[in-house]
Amino acid sequence: MAARRLTSFPGVETTLLPGGQIVLIRPLRIDDIGQVRTIECLAFDDPWPGEWFEQAIASGDICWVAEADGHLAGYLVAMRERVQVHLANLAIAELWRRRGLGRLLVERLIAYARVSGAIRIRLEVRRSNNPARALYRKLQFRTGRILPGYYRGQEDALVLMLTLTPKSETDKPYGLV
Ligand SMILES: CC(C)(COP(=O)(O)OP(=O)(O)OC[C@H]1O[C@@H](n2cnc3c(N)ncnc32)[C@H](O)[C@@H]1OP(=O)(O)O)[C@@H](O)C(=O)NCCC(=O)NCCS
């Protein structure tokens, strides 16, 4: 069963996951950064410092959190770069993984990027990050270049791309910015 969008207001979107959890996707706020950093530090060996999240908010980048049943369960940060959108950060708290939240956030980004006229989404992923690679594969991302030693000289990054088809009749603009 697929996730079902319940409501979409400017800046907020509510979805019912197949498991019955209600998920709110809304803009990241400064006062979320403490919780976001907790997830970030557990998810990555090279976590973003809090200031990077602050800068992303201040720069007007795409910064969303997913609240599941009232808990801050994950987040996504992406930048508009001319014709493309760069997905720079995505993490889901361990307790909330494998329930469709990562997919939901990335699908919302794809919808947003398409409606805003971007021609592709790009991201880098560690070669060893099988969960993330499986998620992106499922969403039809294709592997492009390999960046040797991209992560502190120790691990290669794969550049993944999703080419976006032009906006179709059925696309609806999302309330998220
Ligand atoms: C990668 C990550 C964001 C996935 O989030 P998630 O909410 O658990 O993913 P979803 O539940 O939406 O999974 C969607 C699909 O991705 C694939 N997938 C996700 N996690 C997987 C895993 N551990 N093993 C295999 N496939 C996986 C599956 O195809 C899954 O669909 P299914 O559950 O119906 O089989 C999460 O594991 C995470 O936060 N990891 C640490 C941070 C990270 O690596 N971020 C990405 C950096 S590029």
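Good morning. I begin with the ligand: of the 19 residues around it, Arg 97, Gly 102, Arg 103, Pro 131 and Ala 134 come nearest, where a residue is near a molecule if its C-beta atom, placed from the backbone, lies within 6 Å of it. Two or more residues of this shell come from each of strand S6 (84-92), helix H3 (101-115), strand S7 (120-126) and helix H4 (130-138). Helices (H or I, at least four residues) and strands (E, at least two) are DSSP runs, numbered from the N terminus. H4 gives the most to the shell, with 5 residues.

A word on the source. This is a predicted model, in which local features need pLDDT of at least 70 and side-chain atom pairs count only at pLDDT 80 or more, while totals for chains, interfaces and linings use all residues. Residues are numbered from 1 along each chain as its sequence is written.

By class, the ligand shell has 11 nonpolar, 3 polar and 5 charged residues. Here Ala, Val, Leu, Ile, Met, Phe, Trp, Tyr, Cys and Pro count as nonpolar, Asp, Glu, Lys and Arg as charged, and the others, Gly among them, as polar.

I turn to the chain as a whole. It comes to 4 helices and 9 strands, in the order β-β-β-α-α-β-β-β-α-β-α-β-β from the N terminus on. Of its 177 residues, 30% count as buried, meaning that 20 or more other C-beta atoms lie within 10 Å of a residue's own, whereas 12 or fewer make it exposed and numbers in between partly exposed; C-beta atoms are placed from the backbone.

Next, the interior. In soluble globular proteins, nonpolar side chains tend to be buried together. The largest nonpolar core here has 43 residues, and those with the most contacts inside it include Trp 64, Leu 105 and Ile 121. Such a core is a set of buried Ala, Val, Leu, Ile, Met, Phe, Trp, Tyr and Cys residues joined through C-beta atoms within 7 Å. H3 gives the most to this core, with 7 residues.

Is Val 159 buried, exposed or partly exposed? Val 159 counts as partly exposed because it has 16 C-beta neighbours inside 10 Å. Beyond four places in sequence, Val 159 touches Arg 122, Glu 124, Gly 144, Arg 145 and Leu 147, contact being C-beta atoms, placed from the backbone, within 7 Å. Thank you.

Conventions
Contact = placed C-beta atoms within 7 Å.
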